[in-house]
Amino acid sequence: MTLKSTLAQRATDRHAVPQQPITRFDTSAAPLIRLKNARVIAVQDQQTLLEIDELALFPGERIVITGPSGSGKSLLLATLTGRWAAGLAFTGSRTANFNRIGFIPQRGLDALHPLLPLGRQLHKVTGKSADQVHEALTAVGLSDPALSQRRPAELSGGQAQRAAVALAVLSEAPLILADEPTSALDHDSRDQTLALLDRVITARQTLVVVTHDPAVANALATRRLALESGKISKLAEPAMERARI
């Protein structure tokens, strides 16, 4: 299936925020990634910063991670990527069945090279054709050819965030991580971004979102994780499969 046909199949109303997320994954399938007895420790004082006894993510899931500042949300994202900051040590088991990760940061500008025009850098980074880049930009609401010629600093915050989503889509990564992807947006831009994520993330991709915003969890989550002091304090079981209405 081409990128164009995939995006066309997922098309929905651009401005509507989904109110009843659809569980599209099969928990009988092999996990995309599994953590077991996972610990992240500060080497200097041997303090345990993250402690996950077991966590499995499946293809097609939309996991929303919440918790107060300092609870370990960003550290859990780092553990999913398999990369930790200097001074941290990982013990336990991390089994991943993928080789690419897409990332959507808090500010779309942080995902983009500041000097390269948007269209050119999406082509350069992903290796996709000009037509595929145009299809992805159109899918995220950036169809105006003039926008693809702009440098990231010439985009609005909402446009830059849409461009970051397009970059993640073009990567075709099985796992897409989003760290507070709506925190820098106003409510209208936030709602449009949530609807956008619902539309363009495919059923083969797993989306993991860190957020403080309840609206994000209500709109996207098929499963929610609440972190407290580096531990999962609440692990909601996946909902039963529901038909899209």
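Student: Which side chain does R34 have a polar contact with?
Tutor: R34 pairs with E54, and a polar contact of 2.8 Å joins their side chains. A polar contact is a pair of N or O atoms within 3.5 Å; within protein, one must be able to donate a hydrogen and the other to accept it, and residues adjacent in sequence count only if both atoms are side-chain atoms. Keep in mind that this is a predicted model: local features need pLDDT of at least 70, side-chain atom pairs count only at pLDDT 80 or more, and totals for chains, interfaces and linings use all residues. Residues are numbered from 1 along each chain as its sequence is written, and side-chain values use heavy atoms, with hydrogens and water left out.

Student: Ok, and where is R34 placed?
Tutor: In strand β1, residues 33–42. Helices (H or I, at least four residues) and strands (E, at least two) are DSSP runs, numbered from the N terminus.

Student: What else does R34 contact?
Tutor: Leaving aside neighbours within four places in sequence, R34 is in contact with E54, L55, A56, S93, R94 and T95. Contact means heavy atoms within 4.5 Å.

Student: Why does R34 count as partly exposed?
Tutor: Because its relative accessible area is 31%. Buried means under 20%, exposed over 50%, and partly exposed in between (1.4 Å probe, protein chains only).

Student: How accessible is W84? And F90?
Tutor: W84 is partly exposed at 28% relative accessible area, and F90 is also partly exposed, at 23%.

Student: What does T79 touch?
Tutor: Both W84 and F90, along with L35, V40, L50 and R94, not counting residues up to four places away in sequence. T79 lies in helix α2, residues 73–81, and counts as buried because its relative accessibility is 0%.

Student: Now the largest nonpolar core: which residues touch the most other members?
Tutor: I104, L118, L122, V165 and L220, out of 35 residues. A nonpolar core is a set of buried Ala, Val, Leu, Ile, Met, Phe, Trp, Tyr and Cys residues joined through side-chain atoms within 4.5 Å. Its largest share, eight residues, comes from α6. Apart from this core lies another one, of 22 residues, including I52 and L55.

Student: Last one: how many residues of α7 are buried?
Tutor: 10 of its 14, so that helix is mostly covered. Helix α7, residues 187–200, reaches 20 Å from first C-alpha to last, close to the 20 Å expected at 1.5 Å a residue. The expected span is 1.5 Å times one less than the number of residues. At the start of α7, a side-chain oxygen of D186 comes to within 3.2 Å of the backbone nitrogen of D188.
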